[in-house]
Amino acid sequence: MPKNIITGYPRIGEKRELKFALEDFWSQKISFEKLESIAKNLRKKHWKYQKYEGLDLISINDFSFYDTVLDTSVMLGAVPQRFQEEDKKDQYFAMARGSKNAVAMEMTKWFNTNYHYIVPELCAQDSYKLDASKILTEYAEAKELGLPIKINLLGPISYVALSKRTDGEDTFEFFNKITAVYNELLEVLSKLDDTVYIQIEEPVLSTDDNLKVLSLIKPTYDKFCSISQNLKIIVSTYFEHSNEATKILVNTPIYGLGLDFVAGRENLDTLEDIATSSKKLIAGVVDGRNIWINDFEASLTLLKEISSIVPKDNIIISSSCSLLHVPYSLEHEVKMESEIKSWLSYANEKIIEVNILSKLFFDVDVSHKDVIFIQESLQKNKEANDARKISNKIHDKKVQNRVKNNSKFERTDSFESRIKLQKEILNYPDLATTTIGSFPQTPEVRKSRSEFKKGLLSKTTYEKVMKEYIDNSIKIQEDIGLDILVHGEPERNDMVEYFGEQLDGYGFSQNGWVQSYGSRCVKPPFIYGDISRPKPMTVEWISYAQSKTKKILKGMLTGPVTILNWSFVRDDIPRNEVSEQIAYAINDEIADLQDAGIQIIQVDEAAFKEGYPLRKVNKESYEKWAVDSFKLAVSSADSRTQIHTHMCYSNFNDIIKTINDMDADVITIETARSGNRLLKVFADVGYEKEVGPGVYDIHSPRIPSVSEIKTQINSLLEVLPKQQLWINPDCGLKTRKYDEVVQSLKNMVEAVNLVRNQ
């Protein structure tokens, strides 16, 4: 029996090798065969590292060219009709990114993380057929290396629950057709070896009690386990507790249950059920979502509590979830301050933590050399955790007192009075055109910014490059005829990291890259101490841009909740307290922008929705402090200053009242991939504030036609009146190329003019 495993491992490459290979393939610089070769070498490297560091089973099929949910759709043959004519090599990426012939599939956040998945589409006219080639290829590769293998699969209940129908509402009508393909797959996999470990991930079981979902558990897993005695099926959940599902799963013939004891401590309530069933418990005690070192003493205490109920021989130590959500290794963080670095643990370090915990917990016989290493690791771990608690880098009395003594938490005037005044002063037309903020980041801009940060470029030269970029961005927007302009954000590497770099209490990595979707990687900063703003962060650049145009220019800020949710957050105080500290910093920035004459300020809350707890019982508390943080951040704006916010890839049905409570004057949202489904929610509740639905998808490398955008605008007008609508792309343009951006925006403005004149 294995003593330790991890749920899954990152796939983008320690130095983003897969990212760059994907982008080279998309730009036709390398062949698909070359891309496959790079991927194969990455898998081999990842597997060998995990084995070397002592994992008893090595995950396969957690690797993906784009997204594991998309991989599952391909495995099931769930390919929408519009992609059926695509060449097989192009079909996969067309589904994710779109093509000249077909709009990409919808993309949304993976539960409450910043990872995005491609939403499966189910339709009655589709048939499903197994394609196990990816899994079989990876299994053969791992077998050739002599590795002990665990096959990772997304479970059918979660797959169907996360899908959408294109011809109705209930995706579970297709459940039997989907599970028939899973049955066939498990039959194939059972023949691979005498014992085949299969980890079936069912994260939807960690969400609120759903009678339909719960009713499917026992028949599904009874059937799966009956296929072959060779199969040892582990059902894994994460991000919360799954107590309702656990009570059912223990009455099926599965081999084991993977539970998250970091985010779901309530899983302790089902230990008696697990013990009675004699199931293996895969205990997720090493945090797979955050970068702080494990507290060995605390984890061993937790494991002792668990083993007082579940026999020790039935426990397998693991990460709480896939390590996909954290960076690869601290090895490359050579510039990080040693004290702060001692508090951190990335994916590779977490594997070592899992291994050390298993040796300590199971009291495994090891060599004298290993005994010394384990003892030293335990002592070093204790010292680092103790030092962090009292470090003067963490605690700032000035910040704590300001939070404690503040009395103003929101704007005092009503939206109705504000918007009337704003329309008179700003004088923008109905269907006002704008963009979300960022413009394409040219190689010259990236190179200049990088060299300036490294001290290889003078401040004068750096500012010259940035200002030339801003000048060009302003001219492009004026030539296109946009109503409200942006400065393009050339000075910003990332919408959170840029602000974090200018806030006290934030830390940064050199190589802390995490996959967001496809080849898109982010390098989240981390919050280790109390947050404050030493000086203005954006005023100089925004003021310069406004001086270059007579048109109104938006100031661009990231909101406190998004800064929080897209950072690795300290775990020694509640998240709401950290969010409030960030809100004060944004509050000060808005006051300074307003004093500098900036009349529209956009405070993006792109990650507002993804911070939601998975359980309803915790949602009200999150909504309260998240809304309060936003309102506190913008409370320094007077009635004349128009506050915009932006949210992307969210289902707003269940939070529309919360959005209204945020009291922003204008909200821009993503609707390009989802039609008017999201926008109708705003109409249904009588939302009165102004809305900018995205009229085209910027994540797809295609240029929408004038006719296409005009049709989209007319469909918007069927839902909301023109006086309430703004017209814009669905997200920032940073990742696109200039030829795509300019023509798309020209088409957008032309379409708006046609609609205004019709």
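Student: Which residue does Lys453 meet in a salt bridge?
Tutor: A salt bridge is counted when a side-chain nitrogen of Lys or Arg lies within 4 Å of a carboxyl oxygen of Asp or Glu. The N to O distance for Lys453 is 2.7 Å, and its partner is Glu501.

Student: How many residues apart in the chain are Lys453 and Glu501?
Tutor: Helices (H or I, at least four residues) and strands (E, at least two) are DSSP runs, numbered from the N terminus. Lys453 is in helix H17, whereas Glu501 is in the loop between helix H19 (497-500) and strand S13 (504-507). The pair thus links distant parts of the chain, with a separation of 48 residues.

Student: What pLDDT do side-chain atom pairs need in order to count in this predicted model?
Tutor: Residues are numbered from 1 along each chain as its sequence is written, and side-chain values use heavy atoms, with hydrogens and water left out. In this predicted model, totals for chains, interfaces and linings use all residues, local features need pLDDT of at least 70, and side-chain atom pairs count only at pLDDT 80 or more.

Student: Is Glu501 buried, partly exposed or exposed?
Tutor: Buried means under 20% relative accessible area, exposed over 50%, and partly exposed in between (1.4 Å probe, protein chains only). Glu501 has a relative accessibility of 33%, so it counts as partly exposed.

Student: How many residues apart in sequence are Glu14 and Lys45?
Tutor: The side chains of Glu14 and Lys45 meet in a salt bridge at 3.5 Å, N to O. Glu14 lies in the segment before H1 and Lys45 in helix H2 (residues 32-52), so their pairing ties together parts separated in sequence by 31 residues.

Student: Which helix holds Lys143, the salt-bridge partner of Asp193?
Tutor: The side chains of Asp193 and Lys143 meet at 2.4 Å, N to O. Asp193 is in the loop between helix H7 (175-190) and S7, and Lys143, 50 residues apart from it, is in helix H5.

Student: How many aromatic pairs are there?
Tutor: Rings of Phe, Tyr and Trp (its six-membered ring) pair if their centres lie within 6.5 Å; planes under 30 degrees apart count as stacked, over 60 as edge-to-face and the rest as tilted. By this rule the count of aromatic pairs is 32.

Student: Why is the pair of Trp26 and Phe93 assigned its ring geometry, and what is that geometry?
Tutor: The ring centres of Trp26 and Phe93 are 5.6 Å apart. Their planes stand at 80 degrees, so the pair is edge-to-face.

Student: Which helix holds Phe93?
Tutor: Trp26 is in helix H1, and 67 residues separate it from Phe93. Trp26 is partly exposed at 21% relative accessible area, while Phe93 is buried at 6%. The helix that holds Phe93 is H4.

Student: Where in the chain does Tyr255 lie?
Tutor: Tyr197 and Tyr255 form an edge-to-face pair, 5.7 Å centre to centre with 75 degrees between the planes. Tyr197 lies in strand S7 (residues 196-201), and Tyr255 in the loop between helix H9 (243-249) and strand S9 (256-260).

Student: Which ring does the charged end of Lys689 sit over?
Tutor: A charge sits over a ring if NZ of Lys or CZ of Arg is within 6 Å of the ring centre and within 35 degrees of the ring normal. The charged end of Lys689 is 5.8 Å from the ring centre of Tyr687.

Student: Which helix supplies the largest share of the lining of the second largest pocket?
Tutor: A pocket is an open set of points on a 1 Å grid over the protein atoms alone where a 1.4 Å probe fits, with protein on both sides within 12 Å along at least five of seven lines; lining residues have an atom within 4 Å of a point. The second largest pocket is lined by 50 residues, with Arg16, Lys19, Phe20, Arg446 and Trp513 nearest its centre. The largest share, 6 residues, comes from H17.
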